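Q: I have not looked at this one before. Can you walk me through it?

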Amino acid sequence: LALYKPGQPEFYKAIGSLSCAFPGSFAVGIKVLKDAVVMSEAADKPVAFDLFKYAIRRNTHIGGDNCGRSALVAGVVAGTGATLPEAWCNETKLYKEVKA
């Protein structure tokens, strides 16, 4: 499915033909982020609340195009200073080599 429309710049042809359009994906990603903020603020012990873990799991549990949303959700959450859970890192093959 080509997303190029007549009248658009020529380089859109290459971009549009490689696109995987899921228009609702962005809106759902924003909803996931909003949920994470609400849960973070409601947590009895905000220090113990793992924003990164909650956001990624929430995104996964919603289903659908969670892979496409994961880049948005993880990027924004990481921008807040949240980090990958250490347990997840330890279970990832080659994590130590990539981090080095």
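**Helix H2 and the rest of the chain**

A: A place to begin is the exposed side of H2, where Phe26, Ala27, Lys34, Glu41 and Ala42 are exposed. This is a predicted model.

Q: Which residues of H2 are buried, then?

A: Ser25, Gly29, Val32, Leu33, Asp35 and Ala36 are the buried residues of H2. Looking down the axis of H2, these buried residues fall within an arc of 155 degrees, so they line one face of the helix.

Q: Why would a helix sort its residues by side like that?

A: An α-helix has 3.6 residues a turn, so residues three or four places apart point the same way.

Q: What do the buried residues of H2 pack against?

A: They pack against H3 and helix H4, which covers residues 66-79.

Q: How far apart are the ends of H2?

A: The end C-alpha atoms of H2 are 27 Å apart. H2 has 19 residues, 24-42, and at 1.5 Å a residue it should span 27 Å, so the two values agree.

Q: Zooming out, how many helices and strands are there?

A: The chain has six helices and zero strands. Its elements therefore read α-α-α-α-α-α from the N terminus on.

Q: How much of the chain is buried?

A: Of its 100 residues, 19% count as buried. The chain exposes about 7,400 Å², and carbon and sulfur atoms supply 64% of that area.

Q: And what about contacts between residues at least 24 apart?

A: Taking contacts between residues at least 6 apart in sequence, 50% join residues at least 24 apart.

Q: Which element has the lowest mean pLDDT, and which the highest?

A: Helix H1, residues 11-17, has the lowest mean pLDDT at 61, while helix H3, residues 51-62, has the highest at 90. For the chain the mean is 80, and 80% of residues reach 70 or more. Where pLDDT is low, the predicted coordinates should not be read in detail.

Q: Are Cys67 and Cys89 buried or exposed?

A: Cys67 is exposed, with a relative accessible area of 63%. Cys89 is buried, at 3%.

Q: What is the phi of Leu94?

A: Phi of Leu94 is near 65 degrees, a positive value in a residue other than glycine. Most residues other than glycine have a negative phi.

Q: Where is Leu94?

A: Leu94 is in the loop between helix H5 (86-90) and helix H6 (95-99). Leu94 is exposed, with a relative accessible area of 57%.

Notes:
Residues are numbered from 1 along each chain as its sequence is written. This is a predicted model: local features need pLDDT of at least 70, side-chain atom pairs count only at pLDDT 80 or more; totals for chains, interfaces and linings use all residues. Side-chain values use heavy atoms; hydrogens and water are left out. pLDDT is the predictor's confidence in each residue, from 0 to 100. Helices (H or I, at least four residues) and strands (E, at least two) are DSSP runs, numbered from the N terminus. Buried means under 20% relative accessible area, exposed over 50%, partly exposed in between (1.4 Å probe, protein chains only). Contact means heavy atoms within 4.5 Å. Accessible areas come from the Shrake-Rupley method with a 1.4 Å probe; for residues, only the protein chains shown count as cover. The expected span of a helix is 1.5 Å times one less than its number of residues. The arc is that of the directions from the helix axis to the C-beta atoms.
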